[in-house]
Amino acid sequence: MAKREKVILRRLPRYEPEKIEGIIREGLDEFGLISKIQGRITIKPNVVMAHHKIAPAAYTRPEFIDGVLSAITSSNGNAKQITIAEKCGAGMPTTRMFRRAGYYRLKHNHKIKLLPIEESKKTTVALQKGKVHETIRTAREIASNDFCIYTPKLKSNALSFGLTAAMKLNIGILCDRERMWNHNHKLDEKIIDLLEVGSPDFIATDAIEISLGGNHLTQHGYPLGIIVQATNAVAHDAVCARILHLDPEKIPHLRIARERGYGPLGLEDIDISGDISLDEVQHTTKEWELGLMDIRNLDCGMEILCGEPYCQGGCHGVVLDWLHMIKDRKPQLWGKLPSWTLVMGKYKGDVSADRVMVIGSCSEIQGKVQARVKRRIKGCPPKHKDLVLWFFLKTGIINPMFRLDLIFDAYPYLFLSWCRRVLKGRF
Ligand code: SF4
């Protein structure tokens, strides 16, 4: 008989580190993990992007990590080294996102190492069950530790069929080149390949405020007031999907994880305990907008033409994400966007338009094209940073991410980070 997995839902309306500490300690105790917290401990949060104005709800809050750190040190005094390891969104230096998220302040009260994975000593791991990756290269602290805790932020995400929870967090164990490699229609298999290396012993999810409805970086926060705890990432994500009224079987990376034997999706195989029921949580979220929309049906003033491959995790998803950024943070522009025709994938048909933008290295129009202006943005897929810049340069559209402080992060600070890597020989 398959092993039943446990997921604990705990109520906590506000970010109060002392109460978070208590809940996490009780969770560790209930899972029988207290004695295992020893030696080299790695914590992997979600700090994909942090910015007080345009990405205030995209990351695991430092108050939450504060509570987790206190729980670790107060439950068992055997932790030798605690490392918080992360690689933020592609094309940005993690040090800047740690700073913007307020993680450096954690050092005032806790003896920790903040590790930007791109600047870390790395190791190459051969995967036994990889379908997309045969090997991956990541920080030694991710690949080898005595106890690993994942602390995701519960979010909706247009790139991964609606959900970012524990398994999607693994994209952030890769540096940019490997991260963007096959970040296309193979993204779901890629995410599950990474479970072979990024396999947490314990998961504590920040769902006190969840992030919903648009681009996974810029969307808005909603108070949900819970912490989700588990030891199996698949069971954990199956419950998180239900919290957002999503069918786990329809989220490809969850279904693939179940098929590849990483854990269960069905509630008959998961024990849900805690002081708040799944029904009560679902009652809170039932009216909340997930932002899941098919890019082909967008009503935004731009014509969208899609061909094969349809890459939810690639061009089609990142363009939807780019549009969501505008909807999230510049709603006055949404619906009044200039009349460009956007093409992603190999579009079969003739195109007659004033201005055409072909997005993606493989994308093309397999038919006659009549257009006054034709432009192309390359990449498989293009990074968010590149889309923001190239759309500005080629169409004049100023995306809300196009800000001076983020330009400093994305270019001079990224260069400094690269210099540190060169000096330390860390590639
Ligand atoms: S270029 Fe875009 S559409 Fe083509 S395979 Fe890559 S992500 Fe998919």
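The shell around the ligand is made of seven nonpolar, six polar and no charged residues. Here Ala, Val, Leu, Ile, Met, Phe, Trp, Tyr, Cys and Pro count as nonpolar, Asp, Glu, Lys and Arg as charged, and the others, Gly among them, as polar. The model is predicted, so to speak of a local feature takes a pLDDT of at least 70 and side-chain atom pairs count only at pLDDT 80 or more, while totals for chains, interfaces and linings use all residues. Residues are numbered from 1 along each chain as its sequence is written.

Let us stay with the ligand for a moment. Of the 13 residues around the ligand, the nearest are Cys311, Gly314, Cys315, Gly360 and Cys380; a residue is near a molecule if its C-beta atom, placed from the backbone, lies within 6 Å of it. Strand β14 gives the largest share of this shell, four residues, and β13 and β14 each supply at least two. Strands (E, at least two residues) and helices (H or I, at least four) are DSSP runs, numbered from the N terminus.

Those two strands belong to an open sheet of four strands, ordered β12-β13-β14-β15 with parallel pairing. At its edges lie β12 (303-306) and β15 (369-377), each of which pairs on one side only. Neighbouring strands are turned by 30° against each other on average, direction ignored.

| Strand pair | Sense | Bridges | Example partners |
|---|---|---|---|
| β12 and β13 | parallel | four | Cys306 and Met344 |
| β14 and β15 | parallel | eight | Val351 and Val369 |

Strand β13 covers residues 340-348. Helix α10 (residues 315-329) touches β12, β13 and β14 (351-366), and its direction makes about 165° with that of β13. Helix α11 (residues 384-395) touches β13, β14 and β15, and its direction makes about 140° with that of β15. The axes are lines fitted to C-alpha atoms, for helices over the stretch in contact, with angles from 0 to 180 degrees between N-to-C directions. Contact means that the C-beta atoms of two residues, placed from the backbone, lie within 7 Å.

The backbone has a few points worth a look. Most residues other than glycine have a negative phi, and most peptide bonds are trans. The bond from Glu308 to Pro309 is cis, with omega near -5°, and Pro309 lies in the loop between β12 and α10. The bond from Cys380 to Pro381 is also cis, with omega near -10°; Pro381 sits in the loop between β15 and α11. Asn182 has a positive phi, near 60°, in the loop between α5 (176-180) and α6 (187-193).

Now for the whole chain. An automatic or database assignment divides the chain into domain 1 (5-285) and domain 2 (295-401). Their centres, taken over C-alpha atoms, are 31 Å apart, and 19 residues of domain 1 are in contact with 21 residues of domain 2. On the domain 1 side, the touching residues divide into seven nonpolar, twelve polar and no charged.

In total the chain has twelve helices and 15 strands. Its radius of gyration, 21 Å, is close to the 22 Å that the globule rule gives for 427 residues, so the chain is as compact as a globular protein of that length. That radius is taken over C-alpha atoms, and the rule is 2.2 Å times the number of residues to the power 0.38.

Notes:
Pairing = 2+ DSSP bridges.
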